[in-house]
Amino acid sequence: MTWIMQADHEHQEDNEALILSVLNGEEEFSVIYDLYVDRIYKYFLSRVHDTATAEDLTSTLFFSVLSNLPKYRHVGRFQAWIFTIARNIFYKHLREVKQIGFEDIESRYSDSTNLENNVSDQELLHQLSTHIKTLNDDEQELLRLRFIANLKFSDIGRVIGKSESATKKSFYRLIERIKSYLEMNS
Amino acid sequence: MNTNPNLNIENYIAQAMDQPMPDKNFKSSLRSQLNKAYRKPDKQISSQLNFRPVLLTGLATLVVLFVAFLFFNPNAVNAIRSIFSFIPGVGLTDSTSGDYLIVGEEAVRVEGVTFQVDNGYATSDETVLLLKVSGLTPEMLYTEDEHNLFPKPVYQLLSKANKAIDLTEQGARWDGISGYEIKLIGPALEKFNGEYKLTMTNTPFANPELSPTEIELPLSFNQISDPEIGLPVIDLSLPLPRFEIGENQEHLQSQESIQAEATEIVDPVQIEGIKIVQDTDGTILFGRLSWNDESLSIPRFSPLKVVLRNNDGENLPIDFYPVQEERSSNDLLWLPWAFKTKQSLSSGNYEIAFEGLVERRIKDYPIIVPTEVLNDYSKLKAYEIEIDIDGTSIILSDFFVSQAGGESILSFIIGSEGGVEDAMVFTESFSGLSVSQVDNGRIKVELRVSGPVELSDGSVIIKSIDYRMKEAISKDFVIP
């Protein structure tokens, strides 16, 4: 397995200094945009499975952040703030379309295929991908916020309205369940 | 060195969940739009008011006189208190306004049943709590027909001073005995104190003679420093089994029935347990798709077309209805669905049909091509393999093999009348797979193999195929 997890959840506070400089007018808004656009887009895509909708929601999110930026008070939780807005935008979208499933074109596991992986990795990824889709929405969201949004547990807790320890507990319990599922099916 | 045993599995999960990057054109276009719309805030400027010593002395004197006036005049205190109490964040009263979030509460276990409120909030408009109940036995739960026989719980949120607000059920995520979640909603809290308790007269959805009654759950709230951050989305929209309508009770009385007729089986997949709930502006139908074959799964509920017909054969307009029904186990062979009609349905016979459901068949299908075909490019190109899956014919065609630099590429097309959406193919020395849509019903599979690809011995195997069912599945039901 050559793939290396890119998320470095514990070293993202450094970004807060940049956010602060945007708030103070020392930097352009594009600093925030560049920091978050990929993760925000991937987060939306993982929820809607449709690139056009993911692009629309990403645009809505950044214009919303732009207009609400003066309301943000620098408390070192910008990531939790921006992903809470993302989550709210997604749920608003859901209420508007009220069409779960009609346009639900599942993202293919081949999207994430790494040609350098070997057979067992591919099998494992296929199994994992299939299994993750059977998890309930809250569990999938926990994985999304951790692995796609790359949030720390304290920030995930803020987004989903749970304490950091409760979030950690749920996360590791879920990881254990996924592990035992894979062991049982290997 | 990281010794966390979970890290490896976390890496795999992260990779399995990874999504493609956004399109570069989209990114740069949005970036320039945002740059145009952005106006830099003024840099923070420190106060430029320079008080002169004389002015400061005068101001201090005024403050002393004012405090003395308040000290000797209680009426003035009350007047000022009442003025300030209207200003959020400023005031002399003990009430504060703002948003409050539930602190994750420990579960309370009563007679084997677990109650927990670990999500919720209070704002100046409303109070919302998410109550989770689990551990009920089948005997405790009442059946669908019994719900009118038992009292509905009365929910109250009590402050330390025993001031109460009433909460009502607004939605639920229901999974029978595995547990359920209920969204409770009430008015804003008048005066905010951090400590509360939620009381309910009896266990929701349960026979009060067999399940806990007079339940109390301690709750505490934390003020949110930044309202934009805190409020969780509590979006449970599946109506409760005893969903009630506020208006026109006589005509819109809640009706619910589980239809017992046998499903018209054209596939191992069946529509079952249709429930009907009359709402003010339409009828909500919800139920499950189930199957009993473990080699089959429905990766998602997304039919190409959903048709609802009345007894006269008229098609009635219908929308998807958002539902989050929790699947407590991953081995369950069912998926939930829900729809809402544009107008309330009257008594009569109806039929609901789902066309073009996606099925995933997880089974090994070896690809075997005779040697004489493999040796002739034109024969290989024209060669077709048919796989029969429960009467659905899947055709493999347009085989092509190339070899360069120690790597072989095998490509072929998979199609069916209903349409194929995805497939997983393996062989030994596999090095990569890509799947792309050729047209509406067909996909192209490209398999990379290190060394030569062997198609004559069955070592190239299709592990799973996602295809759309050609036949619709349907079910009749009656609204009494």
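Which residues is F78(A) in contact with, leaving aside its neighbours within four places in sequence? The first view takes that up, and the others move through the rest of this predicted model.

**View 1. F78(A) and the cores.** Skipping its neighbours within four places in sequence, F78(A) touches E16(A), I19(A), I32(A), Y36(A), V65(A), L69(A) and Y72(A), where contact means heavy atoms within 4.5 Å. F78(A) is also among the residues with the most contacts inside the largest nonpolar core, a group of 65 residues, along with F44(A), L61(A), F62(A), F83(A), L143(A) and I13(B). A second, separate core counts 32 residues, including V373(B), V435(B), V449(B) and V453(B). For the record, a nonpolar core is a set of buried Ala, Val, Leu, Ile, Met, Phe, Trp, Tyr and Cys residues joined through side-chain atoms within 4.5 Å. In soluble globular proteins, nonpolar side chains tend to be buried together.

View 2. Chain A has 8 helices and 0 strands; helices (H or I, at least four residues) and strands (E, at least two) are DSSP runs, numbered from the N terminus. Of its 186 residues, 59% count as buried, meaning under 20% relative accessible area with a 1.4 Å probe and protein chains only. Take contacts in chain A between residues at least 6 apart in sequence: 65% of them join residues at least 24 apart. The accessible surface of chain A is about 7800 Å², with 49% belonging to carbon and sulfur atoms; the areas come from the Shrake-Rupley method with a 1.4 Å probe.

**View 3. A three-strand sheet in chain B.** Here 3 strands make an open, antiparallel sheet in the order β13-β16-β25 (chain B), and two strands pair if DSSP finds at least two bridges between them. Because β13 (305–310) and β25 (473–479) of chain B each have a single partner strand, they stand at the edges, and one side of each is left without a neighbour in the sheet. Strand β16 (residues 348–355) of chain B is joined to β25(B) by 7 bridges, and G348(B) sits opposite I479(B).

**View 4. A four-strand sheet in chain B.** This open sheet has the order β12-β17-β24-β21 (chain B), again with antiparallel pairing. Its edge strands are β12 (296–297) and β21 (420–426) of chain B, each pairing on one side only. β12(B) and strand β17 (residues 358–366) of chain B share 2 bridges, and L296(B) has R361(B) as its bridge partner.

**View 5. A hairpin in chain B.** β10(B) connects to β11(B) in a hairpin through 2 residues, and the two strands pair in the antiparallel sense over 8 bridges. One pair to look for is K275(B) with F286(B). Strand β10 (residues 270–279) of chain B has 7 of its 10 residues buried, so it is largely enclosed by the rest of the structure.

**View 6. How confident is the predictor in chain B?** Mean pLDDT here is 72, and 70% of residues reach 70 or more; pLDDT is the predictor's confidence in each residue, from 0 to 100. Confidence is lowest in helix α6 (residues 249–252) of chain B, at a mean of 29, and highest in strand β20 (residues 407–416) of chain B, at 91. The model scores ipTM 0.78 and pTM 0.39.

**Notes.** Residues are numbered from 1 along each chain as its sequence is written, and chains are lettered from A and ligands numbered from 1 in the order in which they are written. Local features need pLDDT of at least 70, side-chain atom pairs count only at pLDDT 80 or more, and totals for chains, interfaces and linings use all residues, while side-chain values use heavy atoms, with hydrogens and water left out.

Definitions and conventions. Buried < 20%, exposed > 50% of the residue type's maximum accessible area, 1.4 Å probe, protein only.
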